[in-house]
Structures are given as C-alpha cells and as structure tokens.
Amino acid sequence: MLIHDMNAQECRDLLARLGVGRLACARDNQPYIIPVYFAYEPDRLYGFATIGRKIDWMRSNPLVCVEADEVRTHFEWQSVIVLGRYEEYTDTPEYKEPRMKAQSLMERRYLWWQTAYAANQVRSNRGQATPVFYCVHIEEITGHRASPDPTEIAAGFTSPSHMTE
Ligand SMILES: Cc1cc2nc3c(=O)[nH]c(=O)nc-3n(C[C@H](O)[C@H](O)[C@H](O)COP(=O)(O)OP(=O)(O)OC[C@H]3O[C@@H](n4cnc5c(N)ncnc54)[C@H](O)[C@@H]3O)c2cc1C
C-alpha cells in the first residue's frame, strides 16, 4: 500500500463531497467523538445540533478535531483531518447573517435538521430540544490517500475477490 499526502484543495474537495464525518472534542482531558453531518465552505464547516454533551463540551473547550474519510477498498481510501475551533452562532442579531448562510448550505442535504432533533429523544434530561447552529473554523487540514502498490497489483490483491468493500 502506498500512502500519499493530499494537497489542501484535494482535502477541501473531499470535505465538500462527503458532508459527514466525526467530530471530536475534549473536556477535563477526556476526549469525546461523535458522527455528524456538516456543510463545507472554504475555511469552515457548518453544523447543526441540539444542546447535549458535545455542545456543552465545545462551549467549555472550543478546540476540536474533525475526521472524514472515504474507504473504497482496503487499498484505496482517503482521509482528512481538520484541527479547528468551535464557534456557536447564537440566535442574536450579530449572528443573523452567519446563521442564514449556514442554514442555506446545510439545506442542500435533505432533512438536514432531523438527526439533531431526533438526538433529543434519548437524552435522560430531555425537555424541549434547543437548536444550535455552529461553525468549526479550520485552522489546520491534512489528508492522506492510499492506493495499492505495484506488488499488490501484480499479486492480484486488488482483484474483486480480495476487496473488502
Ligand atoms: C451519520 C450521522 C450523522 C449525524 N449527524 C448529526 C448532526 O448533524 N447533528 C447532530 O446533532 N447529531 C448528529 N448525529 C447524531 C450524533 O452522532 C449524536 O448522537 C447526537 O448529536 C447526540 O450527541 P450529544 O453529544 O448531544 O449526546 P447527548 O444527547 O448529550 O447524549 C450523551 C450520551 O449519549 C451517548 N451518545 C451520544 N451520541 C451517540 C452516538 N452517536 N453513538 C453512541 N452513543 C452516543 C454519549 O456517549 C453519552 O453517553 C449524527 C449521527 C450519525 C450516525
């Protein structure tokens, strides 16, 4: 297997295409990671949630990490890691425009709001679900792409019977 660095544009293209990944945050030295949808625009990711653990944690420590990947086979995959900073778009006049921008981008995905609201069903302290628009400012981005090496191709490891789709 050969692994190559992806350039910044390739990383951005992957984020824009996938729209789903894992968001990691941390509090008191304890990491926490959850799958989330996001909308990409240069230098930021937009997300929508309802108040729960991840929002509480990101409010107390805005440093986050997002990982997104596309695995075609054991030998062919791409993975992007973002280090970034959480910013909440509160329902106040100063954030009116960023909230509208975030919503307009997220609306491209059908039922973009549903998962965030559904998450409230399993909360032990559930009351009314409070919606939260947020953004992750991208401060560092790296990407790796894997492809089969010549010996793996010659040995037939990349033929369909050896694939782990
Ligand atoms: C493909 C995908 C996309 C998603 N997109 C979004 C999104 O855009 N916005 C959004 O708000 N949510 C999304 N979710 C749901 C998300 O992963 C969380 O389950 C949800 O947001 C609740 O997280 P929370 O931190 O508020 O947890 P809380 O509701 O506060 O619950 C905390 C407790 O539940 C556990 N828990 C929470 N989530 C999960 C989980 N996914 N798996 C296992 N245990 C869990 C925690 O470990 C903790 O014990 C998505 C899930 C998937 C699979």
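On a 1 Å grid over the protein atoms alone, a pocket is an open set of points with protein on both sides within 12 Å along at least five of seven lines, while a cavity is a set of points where a 1.4 Å probe fits but cannot get out; lining residues have an atom within 4 Å of a point. Grid points are joined across faces, edges and corners, and a volume is the space filled by probe spheres set on the points.

A word on the source. This is a predicted model, in which local features need pLDDT of at least 70 and side-chain atom pairs count only at pLDDT 80 or more, while totals for chains, interfaces and linings use all residues. Numbering runs from 1 along each chain as its sequence is written, and side-chain values use heavy atoms, with hydrogens and water left out.

Here are the spaces, with their volumes and linings.

| Space | Volume | Lining by class |
|---|---|---|
| Largest pocket | about 580 Å³ | 15 nonpolar, eight polar, six charged |
| Second largest pocket | about 210 Å³ | nine nonpolar, one polar, three charged |
| Largest cavity | about 50 Å³ | nine nonpolar, one polar, no charged |

For the classes, Ala, Val, Leu, Ile, Met, Phe, Trp, Tyr, Cys and Pro count as nonpolar, Asp, Glu, Lys and Arg as charged, and the others, Gly among them, as polar.

Let's start with the largest pocket. Its lining has 29 residues, and T50, K54, A116, A119 and R123 lie nearest the centre. Strand 3 (30-37), strand 5 (44-50), helix 2 (53-60) and helix 4 (114-118) each put at least two residues into this lining, and strand 3 gives the most, with five. Helices (H or I, at least four residues) and strands (E, at least two) are DSSP runs, numbered from the N terminus.

So what takes up the space of the largest pocket? The ligand does; a molecule sits in a cavity or pocket if more than half of its atoms lie within 2 Å of its grid points. There are 15 residues around the ligand, and Y32, P35, R53, K54 and R123 come nearest; "around" calls for a heavy atom within 4 Å. Strand 3, strand 5, helix 2 and helix 4 each supply at least two residues of this shell, with the largest share, five residues, coming from strand 3. By class, the shell holds ten nonpolar, two polar and three charged residues.

The polar contacts (pairs of N or O atoms within 3.5 Å) come next. R123 uses a side-chain N or O atom, 2.6 Å from an oxygen atom of the ligand. R53 has a backbone N or O atom 2.7 Å from a ligand oxygen atom. From Y37, a polar backbone atom lies 3.1 Å from a nitrogen atom of the ligand. On its own the ligand has 870 Å² of accessible area, and the protein covers 63% of that (Shrake-Rupley method, 1.4 Å probe).

Now for the second largest pocket. It is lined by 13 residues, with A16, F38, A39, Y40 and L105 nearest its centre. Helix 1 (8-18), strand 4 (39-41) and helix 3 (96-106) are the elements giving two or more residues, and helix 1 gives the most, with four.

Searching the whole structure turns up one cavity of 30 Å³ or more. The residues lining the largest cavity are L23, V36, Y37, F38, L45, Y46, G47, V66, Y134 and V136. Strand 3, strand 5 and strand 8 (131-147) give two or more residues to that lining, and strand 5 gives the most, with three.

Methods: A polar contact is a pair of N or O atoms within 3.5 Å; within protein, one must be able to donate a hydrogen and the other to accept it, and residues adjacent in sequence count only if both atoms are side-chain atoms.
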